[in-house]
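Colleague: Could you take me on a close look at the pockets of this model and the helices around them? I would enjoy one connected walk through that part.

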Amino acid sequence: MTRLGGSGDDRASESGDGPEAVALEIADAVERLTTLWSIASQQAELRLSSHQLRALRALEVMPGTNLTVLAERLDIGLPTASRLCDRLEAAGLLERSSHPHKRREVRLGLSVQGRRVLGEVGQLRVRAIAAALVAVEPGDRAALSRGMKAFLAAQDAGDEA
(Lines give C-alpha, C1' and ligand atoms only; values in the text may rest on other atoms or scores of the structure.)
Protein backbone atom coordinates (compact mmCIF):
# COMPACT_ATOMS: atom_id res chain seq x y z
CA MET A 1 0.00 0.00 0.00
CA THR A 2 1.31 3.44 -0.84
CA ARG A 3 1.66 5.56 2.24
CA LEU A 4 1.67 9.34 2.11
CA GLY A 5 4.10 9.82 4.96
CA GLY A 6 6.31 6.74 4.60
CA SER A 7 9.91 6.82 3.49
CA GLY A 8 10.40 6.09 -0.18
CA ASP A 9 6.84 7.15 -0.86
CA ASP A 10 6.69 7.86 -4.56
CA ARG A 11 3.39 9.71 -4.19
CA ALA A 12 4.19 11.90 -1.20
CA SER A 13 4.25 14.89 -3.50
CA GLU A 14 0.48 14.45 -4.07
CA SER A 15 -0.36 16.58 -1.06
CA GLY A 16 -3.41 18.65 -0.45
CA ASP A 17 -7.07 17.94 -0.10
CA GLY A 18 -7.86 16.84 -3.65
CA PRO A 19 -9.73 13.59 -4.19
CA GLU A 20 -6.60 11.60 -5.13
CA ALA A 21 -4.58 12.75 -2.11
CA VAL A 22 -7.46 12.12 0.29
CA ALA A 23 -8.11 8.74 -1.34
CA LEU A 24 -4.50 7.73 -0.59
CA GLU A 25 -4.92 8.75 3.04
CA ILE A 26 -8.20 6.85 3.30
CA ALA A 27 -6.67 3.77 1.68
CA ASP A 28 -3.95 3.76 4.34
CA ALA A 29 -6.52 4.21 7.12
CA VAL A 30 -8.73 1.44 5.73
CA GLU A 31 -5.77 -0.94 5.64
CA ARG A 32 -5.03 -0.22 9.30
CA LEU A 33 -8.70 -0.40 10.27
CA THR A 34 -9.03 -3.74 8.49
CA THR A 35 -6.21 -5.13 10.60
CA LEU A 36 -7.75 -3.73 13.79
CA TRP A 37 -11.16 -5.09 12.70
CA SER A 38 -9.77 -8.56 12.05
CA ILE A 39 -7.80 -8.74 15.30
CA ALA A 40 -10.84 -7.64 17.31
CA SER A 41 -13.06 -10.29 15.71
CA GLN A 42 -10.53 -13.00 16.57
CA GLN A 43 -10.88 -12.12 20.26
CA ALA A 44 -14.45 -13.39 20.26
CA GLU A 45 -15.28 -16.56 22.16
CA LEU A 46 -15.96 -18.33 18.86
CA ARG A 47 -13.40 -17.52 16.19
CA LEU A 48 -14.75 -17.35 12.68
CA SER A 49 -13.12 -16.68 9.33
CA SER A 50 -13.81 -13.43 7.54
CA HIS A 51 -15.95 -15.37 5.02
CA GLN A 52 -18.03 -16.88 7.82
CA LEU A 53 -18.51 -13.46 9.42
CA ARG A 54 -19.49 -11.93 6.08
CA ALA A 55 -22.04 -14.70 5.55
CA LEU A 56 -23.53 -14.20 9.01
CA ARG A 57 -23.67 -10.45 8.48
CA ALA A 58 -25.39 -10.95 5.11
CA LEU A 59 -27.97 -13.21 6.73
CA GLU A 60 -28.50 -10.65 9.46
CA VAL A 61 -29.48 -7.98 6.93
CA MET A 62 -31.27 -10.40 4.57
CA PRO A 63 -33.05 -12.92 6.83
CA GLY A 64 -34.78 -15.77 5.07
CA THR A 65 -32.69 -15.50 1.92
CA ASN A 66 -31.83 -18.57 -0.11
CA LEU A 67 -28.45 -20.06 -0.96
CA THR A 68 -28.31 -18.57 -4.46
CA VAL A 69 -28.87 -15.02 -3.22
CA LEU A 70 -26.31 -15.50 -0.44
CA ALA A 71 -23.71 -16.79 -2.92
CA GLU A 72 -24.33 -13.80 -5.18
CA ARG A 73 -24.11 -11.38 -2.24
CA LEU A 74 -20.79 -12.89 -1.13
CA ASP A 75 -19.56 -13.20 -4.73
CA ILE A 76 -18.77 -16.89 -4.34
CA GLY A 77 -19.88 -20.00 -6.18
CA LEU A 78 -22.92 -22.00 -5.15
CA PRO A 79 -20.91 -25.07 -4.01
CA THR A 80 -18.66 -22.84 -1.88
CA ALA A 81 -21.69 -21.12 -0.35
CA SER A 82 -23.28 -24.49 0.37
CA ARG A 83 -20.16 -25.76 2.19
CA LEU A 84 -19.91 -22.47 4.09
CA CYS A 85 -23.52 -22.82 5.23
CA ASP A 86 -22.93 -26.47 6.18
CA ARG A 87 -20.10 -25.38 8.50
CA LEU A 88 -22.14 -22.52 9.98
CA GLU A 89 -25.10 -24.82 10.57
CA ALA A 90 -22.85 -27.46 12.20
CA ALA A 91 -21.52 -24.74 14.52
CA GLY A 92 -25.09 -23.83 15.49
CA LEU A 93 -24.92 -20.35 13.92
CA LEU A 94 -27.27 -20.83 10.98
CA GLU A 95 -30.66 -22.42 10.60
CA ARG A 96 -32.24 -23.77 7.43
CA SER A 97 -35.98 -23.94 6.93
CA SER A 98 -38.36 -24.77 4.13
CA HIS A 99 -39.84 -21.90 2.17
CA PRO A 100 -43.55 -21.70 2.97
CA HIS A 101 -44.59 -21.38 -0.70
CA LYS A 102 -41.75 -22.99 -2.67
CA ARG A 103 -41.18 -26.61 -1.69
CA ARG A 104 -37.71 -26.86 -3.24
CA GLU A 105 -36.34 -23.63 -1.79
CA VAL A 106 -34.51 -23.56 1.53
CA ARG A 107 -34.41 -20.37 3.55
CA LEU A 108 -31.36 -19.41 5.58
CA GLY A 109 -31.35 -17.50 8.80
CA LEU A 110 -29.28 -16.81 11.87
CA SER A 111 -29.78 -18.93 14.93
CA VAL A 112 -29.93 -17.35 18.37
CA GLN A 113 -26.27 -18.35 18.78
CA GLY A 114 -25.43 -16.76 15.42
CA ARG A 115 -26.99 -13.46 16.49
CA ARG A 116 -25.12 -13.64 19.80
CA VAL A 117 -21.77 -14.22 18.06
CA LEU A 118 -22.38 -11.32 15.65
CA GLY A 119 -23.26 -9.09 18.58
CA GLU A 120 -20.10 -10.07 20.44
CA VAL A 121 -17.89 -9.47 17.40
CA GLY A 122 -19.58 -6.12 16.81
CA GLN A 123 -18.96 -5.04 20.40
CA LEU A 124 -15.31 -6.10 20.24
CA ARG A 125 -14.81 -4.17 17.02
CA VAL A 126 -16.45 -1.02 18.39
CA ARG A 127 -14.32 -1.21 21.53
CA ALA A 128 -11.13 -1.58 19.46
CA ILE A 129 -11.97 1.44 17.33
CA ALA A 130 -13.02 3.46 20.39
CA ALA A 131 -9.71 2.61 22.08
CA ALA A 132 -7.84 3.97 19.06
CA LEU A 133 -10.01 7.10 19.00
CA VAL A 134 -9.17 7.95 22.62
CA ALA A 135 -5.84 9.35 21.40
CA VAL A 136 -7.58 11.60 18.84
CA GLU A 137 -8.39 15.16 19.88
CA PRO A 138 -12.15 15.77 20.36
CA GLY A 139 -12.29 18.31 17.52
CA ASP A 140 -10.57 15.85 15.18
CA ARG A 141 -12.96 13.07 16.24
CA ALA A 142 -15.90 15.35 15.44
CA ALA A 143 -14.36 16.23 12.06
CA LEU A 144 -13.79 12.54 11.34
CA SER A 145 -17.41 11.78 12.22
CA ARG A 146 -18.68 14.57 9.95
CA GLY A 147 -16.39 13.42 7.16
CA MET A 148 -17.55 9.80 7.44
CA LYS A 149 -21.20 10.89 7.39
CA ALA A 150 -20.56 13.02 4.31
CA PHE A 151 -18.72 10.15 2.60
CA LEU A 152 -21.55 7.71 3.32
CA ALA A 153 -24.18 10.21 2.16
CA ALA A 154 -22.26 10.69 -1.10
CA GLN A 155 -22.08 6.92 -1.57
CA ASP A 156 -25.80 6.55 -0.89
CA ALA A 157 -26.58 9.32 -3.37
CA GLY A 158 -24.39 7.61 -5.96
CA ASP A 159 -26.17 4.30 -5.36
CA GLU A 160 -29.55 5.94 -5.97
CA ALA A 161 -28.46 7.56 -9.22
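Modeller: Gladly. A pocket here is an open set of grid points where a 1.4 Å probe fits, with protein on both sides within 12 Å along at least five of seven lines. Please keep in mind that this is a predicted model.

Let us start with the largest pocket, which holds about 840 Å³ of space. Its lining is made up of 21 residues, and those nearest the centre are A29, V30, L33, L144 and M148. Three helices each supply at least two residues of that lining: α1 (19-41), α5 (112-133) and α6 (138-160). Of the elements, α1 gives the most, with nine residues. Sorted by class, the lining of the largest pocket has 14 nonpolar residues, two polar ones and five charged ones.

Now for the second largest pocket, where the space comes to about 360 Å³. Here 18 residues form the lining, and W37, L53, R54, R57 and R125 lie nearest the centre. The elements that give two or more residues to this lining are α1, α2 (50-61), α3 (67-74) and α5. Among these, α2 gives the most, with seven residues. By class, the lining of the second largest pocket has seven nonpolar, six polar and five charged residues.

R57, one of the residues nearest the centre of the second largest pocket, forms a salt bridge with E60, and their closest N and O atoms are 2.6 Å apart. R57 and E60 are separated by about one helical turn, because they lie three residues apart in helix α2. In the whole model, the count of salt bridges comes to five.

Helix α2 also meets another helix. Two packed helices are described by the angle between their axes and the distance between the axes. For α2 and α4 (residues 78-90), the axes come within 11 Å and cross at roughly 85°. Angles of 65 to 115 degrees count as roughly perpendicular, so α2 is roughly perpendicular to α4. On the α2 side the contact is made by H51, Q52, A55 and L56, and on the α4 side by L84, R87 and L88. By class, this contact has four nonpolar residues, two polar and one charged.

Leaving aside neighbours within four places in sequence, E120 is in contact with A44 and E45. E120 and L46 are 74 residues apart in sequence, while their C-alpha atoms are 9.4 Å apart in space.

Technical notes. Residues are numbered from 1 along each chain as its sequence is written. This is a predicted model: local features need pLDDT of at least 70, side-chain atom pairs count only at pLDDT 80 or more; totals for chains, interfaces and linings use all residues. Side-chain values use heavy atoms; hydrogens and water are left out. On a 1 Å grid over the protein atoms alone, a cavity is a set of points where a 1.4 Å probe fits but cannot get out, and a pocket is an open set with protein on both sides within 12 Å along at least five of seven lines; lining residues have an atom within 4 Å of a point. Grid points are joined across faces, edges and corners, and a volume is the space filled by probe spheres set on the points. Helices (H or I, at least four residues) and strands (E, at least two) are DSSP runs, numbered from the N terminus. Ala, Val, Leu, Ile, Met, Phe, Trp, Tyr, Cys and Pro count as nonpolar, Asp, Glu, Lys and Arg as charged, and the others, Gly among them, as polar. Axes are lines fitted to C-alpha atoms, for helices over the stretch in contact, and angles run from 0 to 180 degrees between N-to-C directions. Angles under 35 degrees count as roughly parallel, over 145 as roughly antiparallel, 65 to 115 as roughly perpendicular and the rest as oblique. Contact means heavy atoms within 4.5 Å. A salt bridge is a side-chain nitrogen of Lys or Arg within 4 Å of a carboxyl oxygen of Asp or Glu.
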